[in-house]
Amino acid sequence: MTSDERGQALVESLVLGMLLIIPIVWVLMVLADVHRSALATTSAAREAGFDAARSGDLTAAAKSVERTAELALANHGLDGGEANVRWSAPDGLERGARIEVHVAYPVSVMRFPFLGEVSGPSIWVRSTHIARVDPFASR
Amino acid sequence: MTTEERGSALVESIVAIVFLILLSLGVAQLALTLYGRNVVIASAHEGARAATELGRSEQEAEAIALRTTRSASGSLVDDLEIDVLTEPAGEDDLIIVRLSGRLAAVGPVPITIPVEVQASSLRLGEVE
């Protein structure tokens, strides 16, 4: 080992460590967003189903689903406009009717420091909730 | 390799290993912080949602929101403060839960991170 080589291994280790940290932090950020989106879509689907089941008719139910899902996503810091919210229910919303709500949200995997998310491939986080109209509800 | 060089390599290895360990623990702390922040956001939302049940007063709403938040976030958050507001929104009431606290230090860096979130939920004025 010459005097020039002394300290080189240390510098290499530090550089390698710093290079490794970049993809690890990137993966962590994406995973954190996936986690947040999973919590948000679960809440949105559950609460939208709950509110739809309490609505008097399909028009009111549609309004409830849209409003509740958007609010739940916004509470988690997500843009409701990017979400894909679908729901289905039988005509009339009779007692015991089954209401199915699907919420999907794209989590972008392309992000950069100071720039944030940019368009690119996404991971779709999906959640489904099935609610039933109260069998003893007044209709 | 002389005796002096042997010692130099050892010191370099130790410094590099300590640095990499600290780096790994920092990454672990970042992961736990991100997780904690998500849990706090979700628990504030759950609190707001729980507070919208029919027949709840604002005090009950605050107690429910606080209990829900505390049980969901556990020891992740210190100095938890919660504020529940009710604002009219047409025929409905908008329940707003403001939650602030400090994410506990769980990793090698002994600093706590302030977190402040707000969640809202609609209390339907009239069930059709």
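**Briefing: chains A and B**

B:Pro88 counts as exposed, because it has 9 C-beta neighbours inside 10 Å and the limit for exposed is 12 or fewer. This proline is found in strand 1 of chain B. The model it belongs to is predicted.

**Chain B: overall make-up**

- Chain B has two helices and three strands, and along the sequence they follow the pattern α-α-β-β-β.
- Of the 128 residues of chain B, 30% count as buried.
- Among contacts in chain B between residues at least 6 apart in sequence, 61% join residues at least 24 apart.

**Chain B: the sheet**

- The three strands of chain B form an open sheet in the order 1-2-3, and the pairing is antiparallel.
- Strand 1 (77-89) and strand 3 (113-123) of chain B each have a single partner strand and stand at the edges, so one side of each is left without a neighbour in the sheet.
- From one strand to the next, the twist averages 15° in this sheet.
- Strand 1 of chain B is joined to strand 2 (residues 92-103) of chain B by eleven bridges, and the two run antiparallel.
- One pairing can be named: B:Asp83 has B:Arg98, in strand 2 of chain B, as its bridge partner.
- Helix 2 (residues 58-73) of chain B packs on the sheet and touches strand 1 and strand 2 of chain B. The direction of this helix makes about 140° with that of strand 1 of chain B.
- B:Pro88 and B:Leu124 are 36 residues apart along the chain, and their C-alpha atoms are separated by 11 Å.

**Chain A: the sheet**

- Chain A has an open sheet of three strands in the order 1-2-5, with antiparallel pairing.
- Its edge strands are strand 1 (84-88) and strand 5 (122-132) of chain A, each of which pairs on one side only.
- The twist in this sheet averages 15° from one strand to the next.
- Strand 2 (residues 98-108) of chain A runs antiparallel to strand 5 of chain A, and eleven bridges join them.
- Within this sheet, A:Ala104 stands opposite A:Arg126, a residue of strand 5 of chain A.
- Helix 2 of chain A packs on the sheet, touching strand 1 and strand 2 of chain A, and its direction makes about 145° with that of strand 1 of chain A.

**Chain A: helix 2**

- Helix 2 of chain A has 18 residues and reaches 25 Å from its first C-alpha to its last, close to the 26 Å expected at 1.5 Å a residue.
- The buried residues of this helix include A:Ala61, A:Val65, A:Ala69, A:Leu71 and A:Leu73. Also among them are A:Ser64, A:Thr68 and A:Asn75.
- An α-helix has 3.6 residues a turn, so residues three or four places apart point the same way.
- A:Gly77 follows helix 2 of chain A, and its phi is positive, near 80°.

**Contact between the chains**

- On the chain A side, 28 residues are in contact with 26 residues of chain B.
- Helix 1 (8-53) and helix 2 (58-75) of chain A each supply at least two residues of the side that touches chain B.
- Helix 1 of chain A gives the most to this side, with 15 residues.
- By type, the residues of chain A on this side divide into 13 nonpolar, ten polar and five charged.

Note on methods:
Residues are numbered from 1 along each chain as its sequence is written. Chains are lettered from A and ligands numbered from 1 in the order in which they are written. This is a predicted model: local features need pLDDT of at least 70, side-chain atom pairs count only at pLDDT 80 or more; totals for chains, interfaces and linings use all residues. Two residues are in contact if their C-beta atoms, placed from the backbone, lie within 7 Å. Helices (H or I, at least four residues) and strands (E, at least two) are DSSP runs, numbered from the N terminus. Ala, Val, Leu, Ile, Met, Phe, Trp, Tyr, Cys and Pro count as nonpolar, Asp, Glu, Lys and Arg as charged, and the others, Gly among them, as polar. Two strands pair if DSSP finds at least two bridges between them. Axes are lines fitted to C-alpha atoms, for helices over the stretch in contact, and angles run from 0 to 180 degrees between N-to-C directions. A residue is buried if 20 or more other C-beta atoms lie within 10 Å of its own, exposed if 12 or fewer, and partly exposed in between; C-beta atoms are placed from the backbone. The expected span of a helix is 1.5 Å times one less than its number of residues.
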